[in-house]
Amino acid sequence: MNPKHSKAKKEKELADNARLLRAWKKFHREEREAVLAGPYGATLTELFLMFENMKHVRSSQLVGYMRAIEWSEIDYPTRLTVLHEVNAAITKLREQQGLPPIDDALPGEPLRAYQVIREIINSFPHKRGGLPGHPAKSQSEE
């Protein structure tokens with residue numbers, strides 16, 4: 001095999017991966033902006049600020065704030081964006097502290113903050129208006 005061809009193939013793969021990562025980050029940035037500009041923006045702005053200042057927020061504060069939000073009024077795509085944002089914030093904080101990025105509880109252990117938050121967000125039936133082409137169903141419809 002030609003070493004020049006192998007190197008060019010590797011460089012192309014790296015360039016493709018970098019392009020895909022930029023597109024993925026742009027997609028999530030646009031999702032976040034749309035959520036904050038949408039009908040739940042006032043409710044979620046403070047929450048997203050907490051995500052940006054995770055060094056100064058205790059997990060109990062974050063969980064308490066999440067419990068105070070009326071998730072049954074928030075549509076499924078918005079919930080997914082919030083879940084992505086909280087996951088990214090917790091992961092970033094753990095990495096900054098030199099910890100593994102993910103530390104889910106093992107069976108029998110108390111749930112970690114992310115697991116509790118995921119349960120809170122998903123504990124309500126999905127409001128109509130799910131993902132495009134896939135309308136969310138409430139639990140009573142299933």
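## Basis of the model

The model is predicted: local features need pLDDT of at least 70, side-chain atom pairs count only at pLDDT 80 or more, and totals for chains, interfaces and linings use all residues. Residues are numbered from 1 along each chain as its sequence is written, and side-chain values use heavy atoms, with hydrogens and water left out.

## Overall layout

The chain has five helices and zero strands. Read from the N terminus, its elements run α-α-α-α-α. Helices (H or I, at least four residues) and strands (E, at least two) are DSSP runs, numbered from the N terminus.

Of the 142 residues in the chain, 29% are buried. Buried means under 20% relative accessible area, exposed means over 50%, and partly exposed lies in between (1.4 Å probe, protein chains only). Contact means heavy atoms within 4.5 Å. Take the contacts between residues at least 6 apart in sequence: 61% of them join residues at least 24 apart.

## Helices α3 and α5

Helix α3 covers residues 59-68, and helix α5 covers residues 113-122. They pack at an angle of about 5°, with their axes 10 Å apart. That makes α3 roughly parallel to α5. Axes are lines fitted to C-alpha atoms, for helices over the stretch in contact, and angles run from 0 to 180 degrees between N-to-C directions. Angles under 35 degrees count as roughly parallel, over 145 as roughly antiparallel, 65 to 115 as roughly perpendicular and the rest as oblique.

From α3, the contact uses S59, L62, V63, M66 and R67. From α5, A113, V116, I117, I120 and I121 take part. By class, the contact has eight nonpolar, one polar and one charged residues. Here Ala, Val, Leu, Ile, Met, Phe, Trp, Tyr, Cys and Pro count as nonpolar, Asp, Glu, Lys and Arg as charged, and the others, Gly among them, as polar. The buried residues of α5 are Y114, Q115, V116, I117, I120 and I121. Their cover includes α3 and α4.

## The nonpolar core

A nonpolar core is a set of buried Ala, Val, Leu, Ile, Met, Phe, Trp, Tyr and Cys residues joined through side-chain atoms within 4.5 Å. The largest one has 26 residues. Those with the most contacts inside this core are L44, L47, F51, L62, M66, W71 and V82. Helices α2, α3, α4 (76-96) and α5 each supply at least two of its residues. Helix α4 gives the most, with six.

F51 sits in helix α2. F51 is buried, with a relative accessible area of 6%. Neighbours within four places in sequence aside, F51 is in contact with L62, V82, E85, V86 and A89. F51 and A89 are 38 residues apart along the chain, yet their C-alpha atoms are separated by 5.4 Å.

## Salt bridges

A salt bridge is a side-chain nitrogen of Lys or Arg within 4 Å of a carboxyl oxygen of Asp or Glu. By this rule there are seven salt bridges. One of them joins R32 and E52, whose closest N and O atoms are 2.5 Å apart. The pair links distant parts of the chain: R32 lies in helix α1 (residues 3-37) and E52 in helix α2 (residues 41-52), 20 residues apart. R32 is buried at 18% relative accessible area, whereas E52 is exposed at 53%.

R94, D103, E109 and R112 are linked in a network of salt bridges. Within it, D103 pairs with R94, the closest N and O atoms being 3.9 Å apart. D103 also pairs with R112, at 3.3 Å between the closest N and O atoms. D103 is partly exposed at 34% relative accessible area. R94 is buried at 16%, and R112 is partly exposed at 26%.

## H84 in helix α4

H84 lies in helix α4. At 22% relative accessibility, H84 is partly exposed. Leaving aside neighbours within four places in sequence, H84 is in contact with W24 and H28. H84 and R32 are 52 residues apart in sequence and 9.5 Å apart in space, C-alpha to C-alpha.
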